[in-house]
Amino acid sequence: MNTWKPGKFFLKLAAFLALLTAFAILDWYPAVKELGRLRRQYNDLLRSSNDHAAMAARFVFSDAEEQSVFFQCDARLRQTLLRVETDAAWLGIVLPELVRRVGAARIDQAYFWVSPDPDSDPEEHPARREATDLDSWLAGQRPEILSHFRRAAKSTPFPWRFLLSGVEHEKNENLASRPLIIVLGGDGLLADFINRCSWSEARLEILHLHLELTDPFPRAWMICRGQYLIGNRSPWVVANEKRGVRYNLLIDPDSPLLWQKVDPSRLKRIERRELARPPDSSR
Amino acid sequence: MGVLRDRAAFRLAGPLLFVLLLAAVSLLLQREKDHRHQQLRKESARYAAMVAATPIERVKDNRARFYETGFYLDYPQTVSYQVADFLVRLHGMMPPLQLFHFQVDTGLHGFHFELSVAAAAAGPGDADQRFLAFFERLRACPELTQLSWSAKAPTALENRMIVFSISGQSEWQ
């Protein structure tokens with residue numbers, strides 16, 4: 001006689017449910033999840049394709065003329081950087097030029113402080129112009145000067161590294177960046193000197209300027225920095241950053257400027273502007 | 001015997017069908033996954049070909065480099081001229097105040113400056129008035145932003161001079 005056995009029935013049902021759950025957990029759920037991911041990826045890709053097609057329709061692409069402008073631009077960049085064999089050779093170009101400019105600005109006294117490497121304190125360089133009584137003032141300024149100098153000497157990330165990557169053409173050529181300190185004192189055309197200190201071949205960038213116009217005479221110190229290509233080992237060589245890493249982006253990547261061909265006239269000759277009326281700091 | 005075999009087969013058929021049903025669902029899901037993978041590969045290849053044919057990003061990079069190079073080439077002269085020019089203009093707008101201290105920190109987008117000026121305090125509130133008139137002249141310079149001044153510095157100099165400190169930001173023009 002066939003009798004209904006509830007125990008056996010529930011056992012079978014539990015087995016079926018267990019099997020169903022196992023399939024659902026181990027196979028279906030991961031599969032459905034992946035299907036969702038694939039769908040999202042596909043939609044994103046489709047959107048990117050459509051965006052790209054829409055952009056391409058409005059974008060002005062480069063022609064041979066623009067390519068030649070880019071080529072000239074890179075060549076100009078390479079020509080701009082001084083090429084020297086040693087750090088001393090760079091100083092040999094920079095300091096006499098600065099002494100000449102200090103003289104042209106009729107500034108009475110000038111010191112130049114340089115450091116052999118980024119970890120050493122800067123010391124006075126023999127190149128000078130009638131340096132006399134700035135010592136006591138400089139002693140008080142020294143901690144601040146050193147603090148700014150150290151910051152300049154270890155400037156990481158180097159802001160121009162991305163732009164200047166690839167300028168080293170020769171195998172053993174390296175890009176170096178070196179700061180130096182200019183100390184000025186006495187009467188003269190200080191503003192005129194500040195304006196013209198970047199006009200030399202070394203293209204010194206002013207990083208910091210400290211000027212005091214108190215008695216007995218105006219006094220100033222500046223930290224400037226120059227970049228050059230060096231053929232030998234140097235502690236001032238700028239570390240290579242990963243290509244593609246940009247710091248301090250100067251151009252917005254979404255700027256409409258980048259959608260049009262460049263205007264070659266923007267790569268004009270470097271403009272050296274004279275001050276309208278450089279005042280004599282003598283009072 | 002035959003009846004017993006039929007009954008056993010009937011008992012086995014249920015679970016077997018159930019397992020087959022579950023496997024069929026898995027198979028369908030797998031086929032759909034394969035289909036979507038294939039779709040994605042095709043679309044990726046199409047996109048890559050489109051980007052290669054119309055290299056917008058590369059052209060934009062070249063143009064950005066062009067403008068950045070122009071900026072780099074002009075940068076030292078721009079910095080030195082604008083700092084010196086600002087100093088000259090400060091001298092021009094300074095009287096009757098006196099410039100004591102001027103400090104500049106340059107950056108890629110402009111320079112930060114700090115300056116101390118001294119005003120003679122002939123009568124009550126006199127120095128304040130003179131300083132505020134100077135500060136208004138400074139504020140009129142279009143390239144200057146974030147100008148602020150601190151209240152009278154604690155040091156009152158000789159000859160009844162009061163020192164004010166100003167800090168601000170100037171953008172490269």
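Predicted model: local features only at pLDDT ≥ 70, side-chain atom pairs only at ≥ 80, totals over all residues.
Let me start with strand β5 of chain A, residues 205–212, where eight of the eight residues are buried, so the strand is largely enclosed by the rest of the structure; buried here means under 20% relative accessible area, with a 1.4 Å probe and protein chains only, and strands are DSSP runs of E with at least two residues, helices runs of H or I with at least four, numbered from the N terminus. Residues are numbered from 1 along each chain as its sequence is written, chains are lettered from A and ligands numbered from 1 in the order in which they are written, and side-chain values use heavy atoms, leaving out hydrogens and water.

What does β5(A) pair with, given that pairing requires DSSP to find at least two bridges between two strands? Seven bridges join β5(A) to the antiparallel β6 of chain A, residues 219–230, where A:Cys224 is the bridge partner of A:Ile206, and a hairpin of six residues connects β5(A) to β6(A).

Turning to chain B, B:Glu143 sits in the loop between α3 (126–139) and β3 (144–150), and B:Glu143 counts as buried because its relative accessibility is 7%. Neighbours within four places in sequence aside, B:Glu143 is in contact, meaning heavy atoms within 4.5 Å, with residues including B:Phe86, B:Arg89 and B:Gln173.

Notes
Buried < 20%, exposed > 50% of the residue type's maximum accessible area, 1.4 Å probe, protein only. Pairing = 2+ DSSP bridges.
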